[in-house]
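Please open the model in your viewer and keep the selection tool at hand. The stops below are meant to be visited in order.

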Amino acid sequence: MLRFMAVLTAVAMPSLVAAHEYKVGDLVIDHPAAKTTPASAMTGAGYLTITNNGDAADTLIAVEADFPRVEIHDVKVENDVATMFQIEGAEIAPGESVTFAPGGKHIMFMGLDGDPFEKGEAVNATLVFETAGSIEVVFDVETLEEIVERVGSGHMHGMKMDHGEGHDDHSNH
Ligand SMILES: [Cu+2]
């Protein structure tokens, strides 16, 4: 007699939103994430939170990654139109956190050129701080909704995004 045995395999799935943080000097970098992009996108945006547990300010002065250009951007709003622009660095005051979030500060990965960011991928990058030095991090590629759910959004209702100098991919911020 044949007996069929159902084998139930209980797999403990690690949470996809598990903590994902890095430390360098007095800084804690929480959950770097890059937004999924459409296939035609030339740019991708990365977000993260940096907390300064030290006694002195530090500044994110550069981000290095395997793209033609990587810039640090912020967004300004005039007449209900948000325009992004490059900034030289992002200062994190002692005891404070700075969150890069959709609609606000972001890391701009430029020159994707046919290789979009797809859900589940990872983007390797190096963050360079004025005082704390450099640290390699991984930006998990997530949907905009996932990122906004975690870090919020600077977007306002009905806001039209417009890009500043340098590129004009309107779909990607
Ligand atoms: Cu940008």
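The tour goes from confidence to the metal site and then to charged pairs.

This is a predicted model, in which local features need pLDDT of at least 70, side-chain atom pairs count only at pLDDT 80 or more, and totals for chains, interfaces and linings use all residues. Residues are numbered from 1 along each chain as its sequence is written, and side-chain values use heavy atoms, with hydrogens and water left out.

Colour the chain by pLDDT, the predictor's confidence in each residue from 0 to 100: the mean is 85, and 77% of the residues reach 70 or more.

Next, select the copper ion, whose donors (N, O and S atoms within 2.8 Å of the metal, or 3.2 Å for Na, K and Ca; water is not among the atoms, so sites may look incomplete) are His 73 (ND1), Met 84 (SD), His 106 (NE2) and Met 108 (SD), at 2.0 to 2.3 Å. The 4 donor atoms subtend angles of 98 to 121 degrees, so the arrangement is tetrahedral, a term for four donors with all angles between 85 and 135 degrees. His 106 is buried at 2% relative accessible area, as is Met 108 at 0%, where buried means under 20%, exposed over 50% and partly exposed in between (1.4 Å probe, protein chains only).

Finally, select Glu 146 and Lys 119, which form a salt bridge (a side-chain nitrogen of Lys or Arg within 4 Å of a carboxyl oxygen of Asp or Glu) with the closest N and O atoms 2.7 Å apart.

Note on methods. Tetrahedral: all angles 85-135°; square planar, octahedral: opposite > 155°, others 65-115°.
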